[in-house]
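This report describes a single protein chain for a reader who is new to structures. Please keep the sequence and the model in view while reading.

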Amino acid sequence: QVQVVESGGGLVQPGGSLRLSCGVSGSIFRINAMGWYRQAPGKQRDLVAVISRDGSTNYADSVKGRFTISRDNAKNTVYLQMNSLKPEDTGVYYCNARGIDVITPYDSWGQGTQVTVSS
């Protein structure tokens, strides 16, 4: 089994910053892509940013230039640095890890962490 645990959410004023962290543990063997997704109230879960094992990244247009995703392969951890936060960034942020446990692929999600941007 693969466990994914997020941390770092909270309440922040518009223009502020937050850093989310996500640790992956268990029968992971090899983690390929790690990503952050966001779900606002009443909306579907959308991609925020994803990073591959070699460090290549992809961002949603709405966060380009403001958010930065990074990972530490030695610690099986992915981070999301969020700057210049806007009220529309509010939502539950979910971490996702995709990889392979020797021969069995996995696609695992965390429980989510709430981010609220409000004055």
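## The disulfide

A disulfide is a pair of cysteine sulfur atoms within 2.5 Å. The structure holds 1 such link. Cys22 and Cys95 form this disulfide, with their sulfur atoms 2.1 Å apart. The angle about the S-S bond is -85 degrees, and the link of Cys22 and Cys95 is left-handed. The pair links distant parts of the chain: Cys22 belongs to strand β3 (residues 18-26) and Cys95 to strand β9 (residues 91-101), 73 residues apart. Helices (H or I, at least four residues) and strands (E, at least two) are DSSP runs, numbered from the N terminus. Both Cys22 and Cys95 are buried. Buried means under 20% relative accessible area, exposed means over 50%, and partly exposed is in between (1.4 Å probe, protein chains only).

## About the model

This is a predicted model, in which local features need pLDDT of at least 70 and side-chain atom pairs count only at pLDDT 80 or more, while totals for chains, interfaces and linings use all residues. Residues are numbered from 1 along each chain as its sequence is written, and side-chain values use heavy atoms, with hydrogens and water left out.

## Aromatic rings and charges

A pair of aromatic rings is described by the distance of the centres and the angle of the planes. Rings of Phe, Tyr and Trp (its six-membered ring) pair if their centres lie within 6.5 Å; planes under 30 degrees apart count as stacked, over 60 as edge-to-face and the rest as tilted. A search of the whole structure finds 1 aromatic pair. Tyr37 and Trp109 form this edge-to-face pair, at 4.9 Å centre to centre and with 65 degrees between the planes. Tyr37 lies in strand β4 (residues 30-39) and Trp109 in strand β10 (residues 104-109), so the pair ties together parts that are 72 residues apart in sequence. Tyr37 counts as buried because its relative accessibility is 14%, whereas Trp109, at 33%, counts as partly exposed.

Charged side chains also meet rings. A charge sits over a ring if NZ of Lys or CZ of Arg is within 6 Å of the ring centre and within 35 degrees of the ring normal. The charged end of Arg19 sits over the ring of Tyr79, 4.1 Å from its centre. Arg45 lies over the face of Tyr94, 3.6 Å from the ring centre.

## The nonpolar core

A nonpolar core is a set of buried Ala, Val, Leu, Ile, Met, Phe, Trp, Tyr and Cys residues joined through side-chain atoms within 4.5 Å. The largest one has 29 residues, of which Val24, Trp36, Leu80, Met82 and Tyr93 touch the most other members. Strand β3 gives the most to this core, with 4 residues.

## A buried arginine

Is Arg66 buried or exposed? Arg66 counts as buried, because its relative accessibility is 12%. This residue lies in the loop between β6 (57-59) and β7.

A polar contact is a pair of N or O atoms within 3.5 Å; within protein, one must be able to donate a hydrogen and the other to accept it, and residues adjacent in sequence count only if both atoms are side-chain atoms. A polar contact of 2.8 Å joins the side chains of Arg66 and Asp89. The backbone oxygen of Ser62 also lies 2.8 Å from a polar atom of the Arg66 side chain.
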